[in-house]
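Notebook open, structure loaded. I'm jotting down what I look up as I go.

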Amino acid sequence: MEVLNALVALSNFVLIPAIAYGSQLALGALGVTLIYGILRFSNFAHGDTMAFGTMVTVLVTWALQALGIGIAPLPTALLALPFGIAATALLLLGTDRVVYRFYRQQKAAPVILVIVSMGVMFIMNGLTRFIIGPDDQRFADGARFIIKAREFKEMTGLSEGLAIRTTQGITVVTAVIVVALLFWFLNRTRTGKSMRAFSDNEDLALLSGINPDRVVMYTWLIVAALATIAGVLYGLDKSFKPFTYFQLLLPIFASAIVGGLGNPLGAIVGGFVIAFSEVTVTYAWKKVLVYLMPDGLEPTGLVQLMSTDYKFAVSFAILIIVLLFRPTGLFKGKSV
Amino acid sequence: MKKLLMATALTACGATAVLADGHAPQVKLGVSLGFTGPLESLAPPMAEGAELAMKEATDSGILLDAATVISIRADSTCIDAAAATAAVERIVTSDRVDGIVGGMCSGETTATLQNVAMPNGIVMVSPSATSPALSTLEDNGLFFRTSPSDARQGVVMTDIIMGRGFKEVAVTYTNNDYGKGLADSFQAAFEAAGGTVTLNASHEDGKADYSAEVGALASAGGEVLVVAGYVDQGGSGVVQAALDSGAFDTFVFPDGMVSQALEDNFGADIDGSFGQNPASAGEGRDAFVAMAKAAGFDGTSAFAAESYDAAALIMLAMQAANSKDPAVYKDRIMDVANAPGEKILPGDLAIGLEILKAGGEIDYVGATSVELVGAGESAGNYREIEFEGGKLKVVGYR
């Protein structure tokens, strides 16, 4: 009983939130890593791309809600997602056309592209705030819980409750589907293979007749889909506020780099590594330990390594450790 | 050339108008409140409360030989001390106000008091800054407040929690002067009364997700969670995360959280939760609420009554000193607020002014049973509330 209670408390406060957060980070990091692998620069505008995609989805969601169209018990936002992806794809293709293409033709150094992407970031940031405003927006609807904490307690008779929110379930399921589709696309389709070839060796790919413009276009389309899905899932699960998406850039980059930049599998692992370390390091373990330890040895303090304010510091610390000892990341990516 | 001529003409007109105004007696009162920012929903009824008192004094035709009281609003933003300082600087140096009703939040009030009011010798009467730090701040006798210090709220909250039989609580506060001051004074009072505070942790406003903060609070344990935050900000986020994870289902809400928004956001989910905010019952409050209703605003909104009293105190003190010079009338504020003297309720400002003009004494009661203690702050009356059936209900006053 004690062990079960400990396990439930751990799942409720650590495992489930970390898995959901990790899935969101992994989807974001996949986008960053694809751009790094194929277009060869770190896209600082990624967080704000997510915010833009989410914003369009939020607006469409509101419109659908006003029309009374919904897919209860699932959130209406899932229905609006394709519109968000389409709008983001248009925005990214437009940005590539107006901004990045010029620098690509100049064969500009990656560091220049990074600075350029920072400029794009500020523009997108402003665009989002201009359209929807800087405030919190709530757009989640439908059933809120799969299991409520109180119901779980009554069902099992345990003294700890376990709550699983619908949005957490949707996040994990969607992430699995999206990742499976992406890997199928990259490994099995002609376009996917040409993208990987382009990423491995640009000159060789060009010699074998791969059209670089097509590869670039497909990359942006996939990135638009990944960014919007990651953004919408994060917004559904937590809340949509443009500034928090800008801040998300840090853990997302940490995930991509820890996993190995340019390596999609690494991005996923990196996302979960960062999410789990952020949550476990800042979690107060007292509750779990009180159940597990024998009487008399129970901790009286909180057993919290770091205050929750230091969440971001954890991602940075891991980032620095990985860069020091394994510059190419856990999975063999490109060195930074 | 044409533009220059126009400008000159306009300036001349403006100058004439100023000269003309100079002859009629006029009192300018600043109203420095957070019209934008985390408490923006509370500011408009507060400003209207203050302006209601000003209108009443003007209409009486007694104040300082039939002076007209003019309200000049400034946006103190509640959280941005630099913006608040600039806004108050403007109304002090360019509009030349004779006193200020404000500021709204504790941090911003401290900044404007020290940077603007004290160097310029302007009296500030805050209706809603409640940090205990303001009690001991050096203020040259210029600062007063019609709301009680949170040190008092800590004691009242302790009484309410103990009265309901809870002995072990967790506390989370918004990381600023207000939150920290309230949480610390509550912890001191609660522990002195024999209770246990399992954890006293801060939360930052404006985050997307508070599950980590709630995880730590849940781990520390406690029968109820005290949320010393803002209802439009992180406070609601913490409550939401605690409900979602099943960590707590009973909450204690201090003044920053007691609002209609709690009902709208959580409804029956927080049944059994309780709290308190400064407000008093009685004749004065009823009179004020009726006057506010006639003037077209909600007099029961938090701190609206305190704002009326803040403006009234300044004007009564001016009359008592027979001067609108802050250096002179600042010494009379305590006199008009406290006994001895005729008791003055809202709507009776004319009577009070009349008595003072004749050289008599008054004891201003106002809308919130004003009784200034210590360094010039309200002794404090609190309204105890409770959630039942998804509705906020008043259970009593203490």
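Predicted model: local features only at pLDDT ≥ 70, side-chain atom pairs only at ≥ 80, totals over all residues.

**Burial and overall build, chain A.** I began with burial: of the 336 residues in chain A, 43% are buried. My cut-offs: buried takes 20 or more other C-beta atoms within 10 Å of a residue's own, exposed takes 12 or fewer, partly exposed is in between, and the C-beta atoms are placed from the backbone. Residues are numbered from 1 along each chain as its sequence is written, while chains are lettered from A and ligands numbered from 1 in the order in which they are written.

I then counted elements and got 13 helices and 2 strands for chain A. These are DSSP runs numbered from the N terminus (helices H or I, at least four residues; strands E, at least two). The radius of gyration of chain A is 21 Å against 20 Å from the globule rule for 336 residues, so chain A is as compact as a globular protein of that length. That radius is taken over C-alpha atoms, and the rule is 2.2 Å times the number of residues to the power 0.38. Along the principal axes, the C-alpha atoms of chain A fill a box of roughly 70 × 55 × 35 Å.

Next, contacts (C-beta atoms, placed from the backbone, within 7 Å). Of those in chain A between residues at least 6 apart in sequence, 76% join residues at least 24 apart.

**Where A meets B.** How many residues of chain A are in contact with chain B? I get 24 residues of chain A against 16 residues of chain B. On the chain A side, α1 (2-39), α5 (149-156), α11 (264-282) and α12 (286-292) each supply at least two residues. The largest share, 3 residues, comes from α1(A). By type, I find 9 nonpolar, 7 polar and 8 charged residues on that side of chain A. For the classes, nonpolar is Ala, Val, Leu, Ile, Met, Phe, Trp, Tyr, Cys and Pro, charged is Asp, Glu, Lys and Arg, and the others, Gly among them, are polar.

**Domains of chain B.** The assignment gives domain 1 (24-149 + 282-378) and domain 2 (151-277 + 383-397); such bounds come from an automatic or database domain assignment. Their C-alpha centres lie 30 Å apart. The contact takes 12 residues from domain 1 and 15 residues from domain 2 of chain B. On the domain 1 side I see 6 nonpolar, 6 polar and no charged residues.

Which peptide bonds are cis? From B:Gly102 to B:Gly103 the bond is cis, omega near -10°, and B:Gly103 sits in the loop between β3 (99-102) and α4 (106-120). B:Ala339 and B:Pro340 are also joined by a cis bond, with omega about 0°; B:Pro340 is in the loop between α14 (333-337) and β11 (342-344).

B:Thr77 is not a glycine, yet its phi is positive, about 60°. B:Cys78, in that loop between β2 and α3 as well, has a positive phi of about 70°. Both residues come out buried: B:Thr77 has 26 other C-beta atoms within 10 Å, and B:Cys78 has 29.

B:Glu354 is in helix α15 (residues 349-357) of chain B. I count 16 other C-beta atoms within 10 Å, so B:Glu354 is partly exposed.

Technical notes. Contact = placed C-beta atoms within 7 Å.
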